[in-house]
Amino acid sequence: MSSGRAPRRRFTLLAATVVAGVLVLSACSGGTKAGGGGNTNFVTGSGGVSTVAKGDRTDAPKLDGTILNGKALDITDYKGKVVVLNFWGSWCGPCRAEAKHFQKVSQETADQGVQFVGINTRDPQKSLAVSFEEDFGVTYPSIYDPTGKLLLRFPKGTLNPQAIPSTVVVDRDGKLAARTLAALDAEKLRKMIDPLIAEK
């Protein structure tokens with residue numbers, strides 16, 4: 001019986017990797033389709049930012065792994081803070097365009113209880129991601145997720161990242177509060193996170 005499970009497990013892992021690859025690679029080509037399927041409880045505003053009312057939010061999935069310097073990170077360690085998750089790849093042009101804006105806003109909001117965390121995906125070599133962060137002066141941590149497995153932890157119908165870049169904001173209670181599927185500048189990023197900073 002155990003011999004039958006191993007091929008099934010390998011097939012499931014392969015299928016998940018292929019799905020993540022197709023999702024990520026098709027997304028960076030400029031698609032910004034919104035939606036979560038089923039009965040979603042979020043509203044997408046004219047700026048392309050989807051938000052969920054405080055009482056209707058769902059828990060963020062478990063997001064943990066090894067950051068680019070080799071240390072372990074789990075976003076639950078930041079509960080009580082607003083966590084800005086930026087899904088990026090060094091191969092992605094829009095990610096390069098928004099990197100300096102994310103670094104700027106991360107510094108501006110650090111003393112307001114905001115923690116930025118990058119999720120680096122589809123980079124086959126960690127050195128590519130490290131070089132990206134050095135080039136753009138990014139100082140907040142990024143989890144190295146070359147197969148895109150963290151993207152698949154978001155339940156369908158929630159504020160799941162469906163493109164690279166995507167940005168998902170987790171509120172102070174560890175719940176999914178806002179998402180955009182497009183690159184952001186500093187002004188748009190602040191408009192996305194300032195209401196969550198102000199929440200009590």
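The model is predicted: local features need pLDDT of at least 70, side-chain atom pairs count only at pLDDT 80 or more, and totals for chains, interfaces and linings use all residues. Residues are numbered from 1 along each chain as its sequence is written, and side-chain values use heavy atoms, with hydrogens and water left out.

**Exercise 1. The elements**

Task: State how many helices and strands there are in the protein, and in what order the elements run.

Solution. 
- Step 1. Helices (H or I, at least four residues) and strands (E, at least two) are taken as DSSP runs and numbered from the N terminus.
- Step 2. The protein has four helices and nine strands.
- Step 3. Starting at the N terminus, the order is α-β-β-β-β-β-α-β-α-β-β-β-α.
- Step 4. Of the 200 residues, 45% are buried (under 20% relative accessible area; exposed is over 50%, partly exposed is in between, with a 1.4 Å probe and protein chains only).

**Exercise 2. Strand β9**

Task: Find which strands pair with β9, and decide whether β9 is largely enclosed or open.

Solution. 
- Step 1. Two strands pair if DSSP finds at least two bridges between them.
- Step 2. Strand β2 (residues 49-51) pairs with β9 in the antiparallel sense over three bridges. Here Val49 stands opposite Thr180.
- Step 3. β8 and β9 also run antiparallel, joined by four bridges. Val169 has Ala178 in β9 as its bridge partner.
- Step 4. The hairpin of β8 and β9 has five residues between the strands, and Gly174 in this hairpin takes a positive phi near 80°.
- Step 5. Five of the five residues of β9 (residues 176-180) are buried, so the strand is largely enclosed by the rest of the structure.

**Exercise 3. Aromatic pairs**

Task: Count the aromatic pairs and classify Phe102 with Phe116 and Phe132 with Phe136.

Solution. 
- Step 1. Rings of Phe, Tyr and Trp (its six-membered ring) pair if their centres lie within 6.5 Å; planes under 30 degrees apart count as stacked, over 60 as edge-to-face and the rest as tilted.
- Step 2. This rule gives five aromatic pairs.
- Step 3. The ring centres of Phe102 and Phe116 are 6.0 Å apart and the planes stand at 85°, so this pair is edge-to-face.
- Step 4. Phe102 lies in helix α2 and Phe116 in strand β6, so the pair ties together parts that are 14 residues apart in sequence. Phe102 is buried at 0% relative accessible area, and Phe116 is buried at 1%.
- Step 5. Phe132 and Phe136 form a tilted pair, with 4.9 Å centre to centre and 45° between the planes. These two residues are four apart in helix α3, separated by about one helical turn.
- Step 6. Phe132 is buried, at 3%, whereas Phe136 is partly exposed, at 26%. Together with Trp88, Phe132 and Phe136 form one aromatic cluster.

**Exercise 4. The two sides of α3**

Task: Name the buried residues of α3 and the exposed residues on the face turned away from them.

Solution. 
- Step 1. Ala129, Phe132 and Glu133 are buried in α3.
- Step 2. These residues cover an arc of only 95° around the axis, which puts them on the same side of α3 (the arc is that of the directions from the helix axis to the C-beta atoms).
- Step 3. An α-helix has 3.6 residues a turn, so residues three or four places apart point the same way.
- Step 4. Glu134 and Asp135 are exposed residues on the face of α3 turned away from the buried side.
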